[in-house]
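Please look over the chain shown here. The report below covers selected residues, ring pairs and helix contacts.

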Amino acid sequence: MNNRPKILAFAGSTREASYNKLLVKVAAAGARAAGAEVTYVDLRDLPMPLFDEDLEAKEGMPENARHLKELMVAHDGFLIASPEYNSSITPVLKNAIDWVSRPAPGEPGLVAFTGKVAVIMSASPGGIGGLRGLVHLRSILGNINVLVLPDQKAVPQAFEAFNADGTMKDPKQQDSVENLGAKLSNVLSKLIA
């Protein structure tokens with residue numbers, strides 16, 4: 001029996017130079033080092049229209065939303081780095097969650113979320129590192145049946161937190177973020193054993 005956990009890692013940002021993309025990749029490295037199989041996906045590569053029930057009724061789920069949903073269903077857990085926009089999560093992340101939450105005909109509700117485990121984190125140029133947005137993300141995920149681990153990380157002054165190679169300048173911070181990924185991997189290993 002293979003109990004190697006499968007983790008999907010992504011950021012709620014489409015910006016090419018996103019600090020949150022860098023952050024989630026550090027956590028993903030920690031999960032890999034702990035034995036997980038990690039898939040990184042960039043939401044920039046999966047553009048979706050704004051969620052619209054009329055559009056859904058007329059055309060069905062957009063192809064990119066369907067692809068993301070398939071990825072989420074196929075993985076045991078999620079590493080999510082969420083930028084903070086106006087004290088909440090980004091529109092692109094909320095839109096992706098809304099599309100993926102829609103059931104196909106005959107499919108159980110919230111199939112991509114129920115029973116999944118997530119770790120959340122944020123990086124921000126501001127002084128509290130996007131912490132206010134993580135409160136909203138934790139609430140949303142909890143309400144759609146995702147178990148969100150209590151460990152999280154908010155990285156302030158993100159513009160000076162990363163080296164050119166994507167690692168973190170502060171070795172303690174690097175270890176802390178890698179440990180988030182390792183913690184998710186270890187919890188999932190126990191759950192899927």
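S124 is buried, because its relative accessible area is 13% and the cut-off for buried is under 20%. This is a predicted model. S124 sits in the loop between β4 (117-123) and α5.

## Ala27 in helix α1

A27 belongs to helix α1. Its relative accessibility is 0%, so A27 counts as buried. Residues up to four places away in sequence are not counted in what follows. A27 touches L79, M121, V177, E178 and G181.

How far apart are A27 and R102 in sequence and in space? In sequence, 75 residues separate A27 and R102. In space, the C-alpha to C-alpha distance between A27 and R102 is 28 Å.

## Two aromatic pairs

A pair of aromatic rings is described by the distance of the centres and the angle of the planes. The structure has two such pairs. Y19 and F162 make a stacked one, with 6.4 Å centre to centre and 5° between the planes. Y19 is in helix α1 (residues 19-33), while F162 is in the loop between β5 (147-155) and α6 (171-191), so the pair ties together parts that are 143 residues apart in sequence. Y19 counts as partly exposed, at 22% relative accessibility. F162 counts as buried, at 9% relative accessibility.

F51 and W99 form an edge-to-face pair. Their centres are 4.9 Å apart, with 75° between the planes. This pair also links distant parts of the chain, 48 residues apart. F51 lies in the loop between β2 (37-40) and α2 (53-59), and W99 lies in helix α4 (residues 91-100). F51 is partly exposed, with a relative accessible area of 28%. W99 has 0% relative accessibility and counts as buried.

## Charges over rings

Which ring does the charged end of R15 sit over? It is the ring of Y19, with the charged end of R15 5.2 Å from the ring centre. As noted, Y19 is also stacked with F162.

The charged end of K25 sits over the ring of Y40, 4.7 Å from its centre.

## Helix α4 and its partners

Helix α3 (residues 63-74) packs with α4 at an angle of about 80°. Their axes are 9 Å apart. That angle makes α3 roughly perpendicular to α4. From α3, the contact is made by A65, L68, K69 and M72. From α4, the contact is made by A96, W99 and V100. By class, the residues of this contact are six nonpolar, no polar and one charged.

How do α4 and helix α5 (residues 131-143) pack? The angle is about 0°, with the axes 12 Å apart. The two helices, α4 and α5, are therefore roughly parallel to each other. L93, K94 and I97 of α4 meet L137, I140 and L141 of α5. The contact of α4 with α5 has five nonpolar, no polar and one charged residues.

Terms used. Residues numbered from 1 in each chain as written. Predicted model: local features only at pLDDT ≥ 70, side-chain atom pairs only at ≥ 80, totals over all residues. Heavy atoms only, no water. Phe/Tyr/Trp six-rings, centres within 6.5 Å; stacked < 30°, edge-to-face > 60°. Helix = DSSP H or I, 4+ residues; strand = E, 2+ residues; numbered from the N terminus. Buried < 20%, exposed > 50% of the residue type's maximum accessible area, 1.4 Å probe, protein only. Lys NZ or Arg CZ within 6 Å of the ring centre and 35° of its normal. Axes fitted to C-alpha atoms, helices over the stretch in contact; angles between N-to-C directions. Parallel < 35°, antiparallel > 145°, perpendicular 65-115°, else oblique. Contact = heavy atoms within 4.5 Å. Nonpolar A, V, L, I, M, F, W, Y, C, P; charged D, E, K, R; others polar.
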